[in-house]
Amino acid sequence: MRLIPVLDILNGQAVHAVAGQRDCYQQLTSIWTRSCHPVDVVKALRDAYGFRELYVADLDGILQGRPNRQLIGQLANLLPGLWLDAGFRNVEAAKEWAREFSCRPVLGLETLDFGASDESVDAVSWQVLTAAGALLSLDAYQGQLRVAEVRWRSWSVAELVAWWRQRGWQNFLALDLASVGTGQLHWSWQLLRTARSAAPQARWYLGGGVRSVDDLHLLAGDNVEAVLVASALHDGRILPDQVRSFVQV
């Protein structure tokens, strides 16, 4: 299992994400740097932990449809493995970002909207995203999916996962915002287990609620591919010498 640091960006600055209450997000404070500029934060984490991967949640893109393109380009040059949720509204947009930044796109349910049927999606776009290792983020809050696509709003988690698996999708992220920044793993872990029952052979990732290195060992025993972590890194609950086996160096 890998440990992936998360960088939340809002108004071009690194912020501390807590329970999905985005109106209340404050600038990030970290034991590793006094700066809240995203580039400085990523450099500090890279130097302290040896990270080679980074998950970016660009809230300017997710909330306003105005992703920080120049900043993303800078971050893509810092680490070889960039995972990016920039609020992609469709598969074509995700494909173009994957090509431009050689990133691993994250398609979030709360922004993704085909607007028609899946048959309208260019097969080449699916192939590009598959080759890039793109993830579908099962965005939720306290177990309730947050879905932009109208036809999916009445679907259960299992039904939605099955739909994507039928189209060859491999990578799924269980991300319950109620867990993010709270140190409460419950909601994301419950979402993971519910969703994985529909596709046990897929690759599963988890984000939100990791409190300590004990949680990492717990999830590693549950066959999770990788875990997203932010707060526990910045406040020192998970230190570099505790997680060498989880970090790609």
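**Close-up views of a predicted model**

**View 1. One cavity turns up in the whole structure.** Searching the entire structure gives one cavity of 30 Å³ or more. Here, on a 1 Å grid over the protein atoms alone, a cavity is a set of points where a 1.4 Å probe fits but cannot get out, and lining residues have an atom within 4 Å of a point. Grid points are joined across faces, edges and corners, and a volume is the space filled by probe spheres set on the points. The largest cavity has a volume of about 400 Å³. Its lining counts 34 residues, and the closest to its centre are Val6, Asp8, Ala17, Leu175 and Val180. Please keep in mind that this is a predicted model, in which local features need pLDDT of at least 70 and side-chain atom pairs count only at pLDDT 80 or more, while totals for chains, interfaces and linings use all residues. Residues are numbered from 1 along each chain as its sequence is written, and side-chain values use heavy atoms, with hydrogens and water left out.

**View 2. Strands and helices contribute to the cavity lining.** At least two lining residues come from each of β1 (2-10), β2 (13-16), β4 (53-58), α2 (59-64), β11 (226-229) and α9 (231-234). These elements are DSSP runs numbered from the N terminus: helices (H or I, at least four residues) and strands (E, at least two). Sorted by class, the lining holds 18 nonpolar, ten polar and six charged residues. For this sorting, Ala, Val, Leu, Ile, Met, Phe, Trp, Tyr, Cys and Pro are nonpolar, Asp, Glu, Lys and Arg are charged, and the others, Gly among them, are polar.

**View 3. Asp8 sits in strand β1.** Asp8 is buried, at 13% relative accessible area; buried means under 20%, exposed over 50%, and partly exposed in between (1.4 Å probe, protein chains only). Setting aside residues up to four places away in sequence, Asp8 touches Gln13, Ala14, Val15, Ala17, Ala57 and Leu59, where contact means heavy atoms within 4.5 Å.

**View 4. Asp222 is a buried loop residue.** Look for Asp222 in the loop between α8 (213-220) and β11. Its relative accessible area is 13%. Apart from residues up to four places away in sequence, Asp222 touches Trp189, Leu192, Arg193 and Arg196.

**View 5. Asn11 has a positive phi without being glycine.** The phi of Asn11 is near 55 degrees. Asn11 belongs to the loop between β1 and β2, and its relative accessibility of 65% makes it exposed.

**View 6. Ser102 also shows a positive phi.** For Ser102, which is not a glycine, phi is about 50 degrees. You will find Ser102 in the loop between α4 (91-101) and β6 (104-108). With 63% relative accessibility, Ser102 counts as exposed.

**View 7. Leu239 follows α9 in the chain.** Leu239 is partly exposed, with a relative accessible area of 33%. Although Leu239 and Ala48 are 191 residues apart along the chain, their C-alpha atoms are separated by 8.8 Å. Beyond its neighbours within four places in sequence, Leu239 is in contact with Trp32 and Tyr49.

Methods: On a 1 Å grid over the protein atoms alone, a cavity is a set of points where a 1.4 Å probe fits but cannot get out, and a pocket is an open set with protein on both sides within 12 Å along at least five of seven lines; lining residues have an atom within 4 Å of a point.
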